[in-house]
Amino acid sequence: MISFKNKHNRQSRQACRTAIAALLGLSALTACSDWDDHYDANTAITGSQQASLWQNIKNNGELSQFAELLKKAGYDQRLDASQTYTVWAPLNNTFGYDQLNAASNDRLVKQFLQNHIARNNYPATGNFDKKIYMLNEKMMHFTGNNGYTIQGIPVGQVNVGSSNGTLHTVGSQIPFLANIYESLNNEQFAIDSVSNYYHAYDVSTLDETQSVPGPIVDGEQTYLDSIRYEDNTLTRTFRAYINREDSNYTMIVPTNESWGKLRERIRKCYNYLPTFRYMRSTAAGTDTTIIVTLKDASQFSDSISSYMLMKNLTFNNNIYDNTKLNTLQEGQALACDSLVSTTNDRIFGDDCRNLFANAKRVSKSNGAFWVTDDLNMLEWNAWNPEITVEAEDFVYKTANVGESRSVRVTSSNQNPAVSGYISENTYFEAHPNTPNDHPDVFIHLPQVRSTEYNVYLVMAPGNIVSTQAEHKPNSMGIYMRTCDETGKLKNEETLRNPIDGTTAFITSEEARIDTLFLGTYTFPLAYYGTGENYPYIRVRSRFSSANSGKFDRTLRVDCVILRPKALDEYMQSHPGYKYHKHNY
């Protein structure tokens, strides 16, 4: 808990309890926005009055309602102190006094009082045209020549000089321009679930160097004028700075009903137990069973489910085809090839267009806010993606192997007679220890979800980089080892060929990069986010001595593909379908 005390405005904010940061290794970052960069250093004071801003407001009968709200929020003390401000005070009965008086203190301060006050001195003189940042960090346009306006609102009396700044009066309330982050608190929509999720990562930091110290109370420093920087670490995790006024984003926000339905679906992919086991090869070459313990498996699942639901719902409007979101209106079809989320996932074609179907658009000061009762997000575009495991990166053990290496393949050295391409331009090659050995390659499977995958193995032929090399097919046995639904490590399972039911998987006699379908496999537990604690798949050269001249003992493993079964079925009914492929 981080608690800051203030004599006139005591407040206690819960620091960011970043479950994702603690459990997924994401770093919580502190606030860095320094709005002082925008402050005008001009401290000139017009007129000869020696009264403070608060005294001048209090003594003006036409500003009595504004004065009452200032006093209620403790801003009478702030405007009576020595720090310099400019105030645009609305006259009585020109704003919703009753509603503001009944509003929460946070809303009164953020959306009204701070919306009419800026640090430093801004007298209106001559031909004036300036962008000013108010206390709530909103940028206002103050302009005019003889007659002046602030955000288009006419200024009445100008330049009431005070000992600590300047007072202007306005004939109506200056509209509060909410940004996307502030709109998460909008009572117009039932979005408490998203709002609560984001606010769990709020951080408030006191800037003691900019704050005005008050007396010591009960041994603690108080401040007559406390300057705080508000930040949200989740915006950093998502790289979606929806709390910044100088940003431009589109955010899709599911209502509580949609949130609840999706969280229920997502959580099934993130089934964890307090303890589970996996097999690790030690330096001595022996296998060791490792017991993994999670501090709070249920809370871990909840945190990751929320993260996965929201991570691909914000888009930077200034990059790629995302720029078309700037002009997209309700009912229009989005005309773009793809969108790229702030977490750098790409969503293609109809998948990105459907995200905005039946959603309500609301313009914000830093972009747009789309609220939907039915989030049309396909699971493989967010919480259950295809996983491509590069063998060269995740081989953790070999057996009966004399030589192993990673082989780089590019368009310049690939045999032109070999069709297809090597993922990431590299494969793992394992030669037998002796002419009669059958090599084994053990490959870890990272970030697996508790779901049903169609599993594929991609193999390279013997002549992949040489026109002189002889090509023979590989005959292999494939084995999987994972834990069961209780967390107990199962015995190694032998996979059966879904085509003929045998335990043999044979690559093509044709010289090509071959993708073998190994069948459908269900993982009862999720490994995502648990560190380097993975199940494995074993590829073993396997055939009888009678066939020793027919098959190649050397294994050239490109990658293993774990494709969600639902995605595979969708692809079959949607030829040419495009989707984002993850390495792991």
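**Ground rules.** I number residues from 1 along each chain as its sequence is written, and side-chain values use heavy atoms, with hydrogens and water left out. Since this is a predicted model, local features need pLDDT of at least 70 and side-chain atom pairs count only at pLDDT 80 or more, while totals for chains, interfaces and linings use all residues.

**Helices H3 and H6.** I looked up how H3 (residues 64-72) packs on H6 (residues 105-113), and got an angle of about 130° with the axes 10 Å apart. That angle makes H3 oblique to H6 (under 35 degrees is roughly parallel, over 145 roughly antiparallel, 65 to 115 roughly perpendicular, the rest oblique). Axes here are lines fitted to C-alpha atoms, for helices over the stretch in contact, and angles run from 0 to 180 degrees between N-to-C directions. Helices are DSSP runs (H or I, at least four residues), numbered from the N terminus.

Who touches whom? H3 brings Phe-66, Leu-69, Leu-70 and Lys-72, and H6 brings Asn-105, Leu-108, Phe-112 and Leu-113 (contact means heavy atoms within 4.5 Å). By class I get six nonpolar, one polar and one charged (Ala, Val, Leu, Ile, Met, Phe, Trp, Tyr, Cys and Pro count as nonpolar, Asp, Glu, Lys and Arg as charged, and the others, Gly among them, as polar).

**Helices H10 and H11.** Next came H10 (residues 256-267) and H11 (residues 297-310), at about 120° with axes 9 Å apart. That makes H10 oblique to H11. Among the residues meeting here are Trp-259 and Arg-263 of H10, and Asp-302 and Met-308 of H11. The contact of H10 with H11 divides into six nonpolar, four polar and three charged residues.

Methods:
Helix = DSSP H or I, 4+ residues; strand = E, 2+ residues; numbered from the N terminus.
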